[in-house]
Amino acid sequence: MCLVLGATGVGKTLLVKRLENSTDAIKKGPDFSFEDMPATIATVGTNLVAVSVSRRQEITMRELGGCMGPIWKNYFKEAVALMYVIDLSNRLQVAASCIQLLTVLTAKTLSPTVPVLIVFNKMDMPDKLTHGEIETLFRLSDIKSQCGRSFEQVEVSACTGQGLSQIVKWMEQNCFGK
Ligand SMILES: Nc1nc2c(ncn2[C@@H]2O[C@H](COP(=O)(O)OP(=O)(O)OP(=O)(O)O)[C@@H](O)[C@H]2O)c(=O)[nH]1
Ligand SMILES: [Mg+2]
């Protein structure tokens, strides 16, 4: 099970939908771009989706709604891998997202063998955070060196598809054979 966490409205449902329906297209390369924009509604509870990463490899992804934050930890035991999604365009939410991320990473029930991917979403938005702002706010290099687990980051747009091929690659490398 790959858990997908993040505050409400960051784009988890759209991201998981893209991965569920278009893994083959996404894998064609970084220039691939979506023309449609499927509608989503806020996830109250959890959203389970099977993603075929390759012909012989399928992983179940479980998105937990942002409104479920207080009980995310109940699902940590089943995690083989974890994605934490952040909305690059929501400056009001991003500091709270950072604190929530630290809470997730220090949870006792999350095994140290679980690899974590930080997904900075909505890179298509014009008012997104700059790289400097991300580094100052999140201090990701400090977290990476302290957290004692595989810890990577990507910048994507679940809307346009930009960067999603990196997520598929990460899943191929981190969600199987464990
Ligand atoms: N511009 C832009 N909008 C996006 C992107 N990803 C998601 N959205 C939009 O953001 C809104 C919220 O997306 P959801 O996928 O429902 O968010 P969520 O993280 O699942 O939210 P909860 O289920 O409430 O936790 C929707 O209107 C999406 O269309 C993106 O990469 N770019
Ligand atoms: Mg959702």
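Donors to a metal are taken here as N, O and S atoms within 2.8 Å of it (3.2 Å for Na, K and Ca); water is not among the atoms, so sites may look incomplete. With that in mind, the donor residues of the magnesium ion (ligand 2) follow the spacing T-x29-T-x19-E in the sequence. Helices (H or I, at least four residues) and strands (E, at least two) are DSSP runs, numbered from the N terminus.

The model is a predicted one, in which local features need pLDDT of at least 70 and side-chain atom pairs count only at pLDDT 80 or more, whereas totals for chains, interfaces and linings use all residues. Residues are numbered from 1 along each chain as its sequence is written, chains are lettered from A and ligands numbered from 1 in the order in which they are written, and side-chain values use heavy atoms, with hydrogens and water left out.

Turning to the atoms at the metal, the magnesium ion (ligand 2) is coordinated by OG1 of T13, OG1 of T43 and OE of E63, at 2.0 to 2.1 Å. Buried means under 20% relative accessible area, exposed over 50%, and partly exposed in between (1.4 Å probe, protein chains only).

For the fold as a whole, the protein chain has 5 helices and 6 strands, arranged from the N terminus as β-α-β-β-β-α-β-α-α-β-α. Its radius of gyration, 15 Å, is close to the 16 Å given by the globule rule for 178 residues, so the chain is as compact as a globular protein of that length. The radius is taken over C-alpha atoms, and the rule is 2.2 Å times the number of residues to the power 0.38. Of the 178 residues, 50% are buried. Among contacts (heavy atoms within 4.5 Å) with a separation of 6 or more, 73% join residues 24 or more positions apart.
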